[in-house]
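Here is a short briefing on one protein chain. Look at the structure, then work through the points below.

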Amino acid sequence: MNLLKTFSKYAVGSLVTLVVGFLSTMILTRLISTEEMGKYSMFITVGGLVSSFLYLGLDQSYVRFYYDEDEHSRVMLLKKCMVFPMLLTAGASVLLLLFSDLFSEYLVGEPSFVITILFCIYLLGLVADRFLLMKVRMAQKAVVYSVLNILRKLAYLLLAILLFYLAFGGKSITLILPVTIAEIVVILGAVYVEKDSFRSARKAQSKELKTDRDQLLRYGIPFIFSTTITIIFHSTDKFMLKELTDYDQIGLYTGAQNIVNLISQVQTVFSTFWMPVAFEHFNKDPGDRQFYIRINRLVSYGMLMLFVLVLLTKDIIIYFLGSDYRDASFIFPFLAFMPIMYTVSETTVLGINFTKKSGYHVWISLACAVANIIGNFFLITRFGAVGAAISTGISYILFFVLRTILANRVYPVKYSNGRFALACALVSVLATLACFFHVTWWYLLTGVVILALISLIYRDVLKEGISFVKRRFLNKNKGKTQ
């Protein structure tokens, strides 16, 4: 019950974030052209790639050693993890400013010192944001975490609308400046809500940390490569679309990603809630595998059903984008494999993290990045943005497979991988059809049959869910009659 309550706190916040993100997508795709959206997308993509290196893997070290420290020492652990990434980010910003024209021309197609300055501020914001929100997550402050993310989305949307009408019109800076300011707003909010813990940590500074800097670096450094390669894996599609097509195709692809990002809110809320809970459970009872098996079954069924429902309504969903983005209905079906496969793999990858085999993440990310580069090279030239989506979707299936296999080598758990593979084969058929056809009666019939088959494959989960709802309903009725 406590687990359900914690999850529901994250879920409510994520639902609000989903609504704000949905409104942002509806409004901004009607204000910004696909070409200018493509420029903004490159700004965000490069920011994510560079920041993944700047974390130095110490964000993961903070998570891993959080429960090894007592409560008053955890802020000291955070500071120790933050200092090198912040210094490195400052140094990287100086270099970018020295080569401003070259860098900004790559990002937005024209030299702009203003764009480079905004990028440097955005980069500092991303790094500080990563660690401060990680602190909130690990403390399982679900409400605070949700409010900060809602604040980010609202600040971005409101500022973008104001700048569109009062300053820059449909230019890419109309989105670039708000996303940069939104990072600053979140950082200030996180510092404010955590001010008491920072004060109490100052009083306890004489206390030694159990974890030294060498341990933090030894655990975190492999994540530099794995996280950077993972971001390359995530961003290969954008970079290759830029080289092989134009900003217009990147913008169209970004429109499709905006739809997938709405689904990704489910992934975000689950990952935010799940990782601290999983580590805490492992520390209490390392031998209890049934807990992870049960969560895996529930998440697998839920994400597969969500995937099929999204595919069945793709021609309705697409009308929430501006008219310039209608062709995104053929792009986002395979892109939706990203949050689906990532979320399910979060329940099967635990063994790698529990046993501190973080080097495995490097090989997983490298294999998927190479597969995605090869796939994008062949498929973009033939199908454009649709090809990039297909390649990315297939690469995420590989991502799930490798995470699951390697995690089970070091921490064996008897997941139901066979039935998940069968269910994935079924949804892959529907996703392929969705990339080339509009919704018709035969397409809907195919989807309904696949929904029924997945429910049959996961009938035990379905029965458990029905029983849970019945129990809750009966308990409520009993409470009313008494």
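The secondary structure of this predicted model comes to 21 helices and 0 strands. Helices (H or I, at least four residues) and strands (E, at least two) are DSSP runs, numbered from the N terminus. The radius of gyration is 23 Å, close to the 23 Å from the globule rule for 482 residues, so the chain is as compact as a globular protein of that length. That radius is taken over C-alpha atoms, and the globule rule is 2.2 Å times the number of residues to the power 0.38.

**Ground rules**
- Residues are numbered from 1 along each chain as its sequence is written, and side-chain values use heavy atoms, leaving out hydrogens and water.
- Local features need pLDDT of at least 70 and side-chain atom pairs count only at pLDDT 80 or more, while totals for chains, interfaces and linings use all residues.

**Whole chain**
- The C-alpha trace spans about 65 × 65 × 50 Å along its principal axes.
- Buried residues make up 56% of the 482 residues. Buried means under 20% relative accessible area, exposed over 50%, and partly exposed in between (1.4 Å probe, protein chains only).
- Among contacts with a separation of 6 or more, 83% join residues 24 or more positions apart. Contact means heavy atoms within 4.5 Å.

**Nonpolar core**
- The largest nonpolar core has 154 residues. Such a core is a set of buried Ala, Val, Leu, Ile, Met, Phe, Trp, Tyr and Cys residues joined through side-chain atoms within 4.5 Å.
- Helix H11 (residues 247-284) gives the most to this core, with 16 residues.
- Phe43, Trp274, Tyr292, Ile331, Ile454 and Tyr458 have the most contacts inside the core.
- Not counting residues up to four places away in sequence, Trp274 touches Phe291, Tyr292, Ile295, Glu346, Thr347 and Leu350.
- In soluble globular proteins, nonpolar side chains tend to be buried together.

**Two loop residues**
- Leu56 sits in the loop between helix H2 (34-54) and helix H3 (58-65). Leu56 is buried, at 15% relative accessible area.
- Leu56 has a positive phi of about 60 degrees although it is not a glycine. Most residues other than glycine have a negative phi.
- Lys357 is in the loop between helix H16 (350-354) and helix H17 (359-383). Lys357 counts as partly exposed, at 40% relative accessibility.
- Lys357 touches Ile352 and Val410, not counting residues up to four places away in sequence.
- Lys357 and Ala434 are 77 residues apart in sequence and 38 Å apart in space, C-alpha to C-alpha.
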